[in-house]
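Here are my notes for a colleague who is opening this structure for the first time. Please read them with the model on screen.

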Amino acid sequence: MAAIANAQDARDRIVGELCEEARRRWPGEWRRFRPLPFRFATWVGYDMDGRTDIGWHTSIGFRLAEKADRLARYAAALEAIDTGHPLLDTLRSALLYAQGRAADFAADLSDPAALSQAANRLTADDPAKLLSLGPLFESLQHEAEDAEDGRACRLLTLAAAMRADGLGMGGVHFRVNAKQLHNALRQHLPEREDLDLASKGAISALRDLLAGTQPLRANFAALAIESSTAVRQFLAMAEILKHIDADAPIRMLIAECEQPATVLIALYFARLFGIADQVDVSPLFETESALENGGRLLDALLKEDAYRSYARARGRVAIQTGFSDAGRFLGQIPASLAIERLQGRLAEAMAKNGLSDVAAL
């Protein structure tokens with residue numbers, strides 16, 4: 001948290017200087033400037049792959065602690081601009097609420113009754129339960145239109161921070177591995193337990209599954225009894241978006257991803273829990289095999305109508321190349337070349353499949 005806070009402060013200084021430069025260059029237009037040079041994210045506390053010391057309630061507790069820290073920093077920044085600003089009451093009330101819920105989830109929740117009480121407090125309606133900063137940063141931007149230059153620049157800098165970070169210290173990167181997703185799917189296709197996920201039959205079955213998916217209503221009770229690690233991740237994401245921060249997108253990283261079917265499985269669970277519009281399913285390529293065959297995987301994946309419609313809705317195609325692990329598997333120089341080739345294959349596949357109008361992340 002300290003590292004991200006330092007990065008946020010540095011970014012605010014950059015945004016402030018950009019505003020000043022824009023004011024000099026475009027004196028009649030600069031107040032409409034919306035710089036967003038950096039976003040930050042963390043997977044600390046959200047990566048349950050192979051971890052026994054992180055439960056789903058740990059991740060919820062961490063996100064609530066992030067929310068409290070970020071609200072405190074927003075309130076301090078606004079107070080430095082104007083000690084009597086009317087939005088300070090909103091931020092301070094939300095801060096006290098978030099601190100209370102973070103304390104609930106930082107307690108010992110091994111007793112089901114304690115867990116139920118913490119979950120009930122978080123899901124209950126409360127006027128201080130701030131779930132979106134949209135109205136706040138839009139208000140600050142509107143105020144900046146008529147403020148004197150120095151105040152306007154500071155208001156726009158704070159609004160930019162809110163747009164970038166949302167109600168947390170940064171974005172969230174959850175992580176599962178391919179095998180966990182495969183195991184979770186077999187529970188949803190009991191009649192096809194022996195399905196070979198490398199086969200065309202698997203892709204066909206997943207097309208049908210995606211086409212017929214109706215979002216389920218999930219809650220903390222479902223999280224508490226869910227035995228599948230992968231499904232728990234998606235349930236945790238759904239609860240974060242529903243009860244902590246409704247705006248900030250979440251990255252879902254798939255380790256050991258070597259089949260296009262694996263990405264479609266992740267997309268199926270994102271749709272099943274109603275969060276596909278805010279989750280970036282991101283296959284990780286890090287082994288020699290994954291980097292060599294990743295181009296073929298992306299070719300096959302981007303041919304799928306369900307994936308293309310999802311990518312257009314999100315506005316991006318997301319992949320990750322595990323540079324440190326790739327260096328360990330291949331050596332740094334061969335890994336750098338393999339990653340560059342994979343990026344080229346991604347660009348070609350996007351162009352070939354009509355996705356040149358979305359971002360490649």
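1. Disulfides. A disulfide is counted when two cysteine sulfur atoms lie within 2.5 Å. Searching the whole structure by that rule gives zero disulfides. The cysteine sulfur closest to that of Cys153 belongs to Cys19, at 3.9 Å, which is too far for a bond. Cys153 is buried, at 4% relative accessible area. Cys257 is buried too, at 1%. Here buried means under 20% relative accessible area, exposed means over 50%, and partly exposed is in between (1.4 Å probe, protein chains only).

2. Basis. This is a predicted model: local features need pLDDT of at least 70, side-chain atom pairs count only at pLDDT 80 or more, and totals for chains, interfaces and linings use all residues. Numbering starts from 1 along each chain as its sequence is written, and side-chain values use heavy atoms, with hydrogens and water left out.

3. Helix H4. Helices are DSSP runs of H or I with at least four residues, strands are runs of E with at least two, and both are numbered from the N terminus. H4 covers residues 112–123, twelve residues in total. From first C-alpha to last, H4 reaches 16 Å, close to the 16 Å expected at 1.5 Å a residue. That expected span is 1.5 Å times one less than the number of residues.

4. One side of H4. Which residues of H4 are buried? They are Leu115, Ala118, Ala119 and Leu122. These residues cover an arc of only 95 degrees around the axis, so they sit on the same side of H4. The arc is taken from the directions from the helix axis to the C-beta atoms. An α-helix has 3.6 residues a turn, so residues three or four places apart point the same way.

5. The rule asks for a side-chain nitrogen of Lys or Arg within 4 Å of a carboxyl oxygen of Asp or Glu. By this rule there are 24 salt bridges. Glu79 pairs with Arg92, with the closest N and O atoms 3.3 Å apart. This pair links distant parts of the chain, 13 residues apart: Glu79 is in H2 (residues 56–81) and Arg92 is in H3 (residues 87–106). Both count as partly exposed, Glu79 at 36% and Arg92 at 33%. Asp104 and Arg121 also meet in a salt bridge, at 2.9 Å from N to O. Asp104 in H3 and Arg121 in H4 are 17 residues apart. Asp104 is buried at 12%, whereas Arg121 is partly exposed at 38%.

6. Arg151 forms a salt bridge with Glu143, with the closest N and O atoms 2.6 Å apart. Arg151 is partly exposed at 22%, and Glu143 is partly exposed at 23%. Salt bridges with shared partners also join Glu20, Arg23, Arg31 and Asp149 into one network.

7. A backbone point to check. Most residues other than glycine have a negative phi. Glu256 is not a glycine, yet its phi is positive, about 55 degrees. Glu256 lies in the loop between strand S3 (250–255) and helix H11 (260–272). Glu256 is partly exposed, with 48% relative accessibility.

8. A nonpolar patch. Ile14, Leu18 and Phe38 make a nonpolar surface patch of about 240 Å². Patch residues have over 30% relative accessible area and no salt bridge; like charges are joined within 9 Å, and nonpolar side chains (Val, Leu, Ile, Met, Phe, Trp, Tyr) within 5 Å. Areas come from the Shrake-Rupley method with a 1.4 Å probe; for residues, only the protein chains shown count as cover. Ile14 lies in H1 (residues 2–25) and is partly exposed at 36%.
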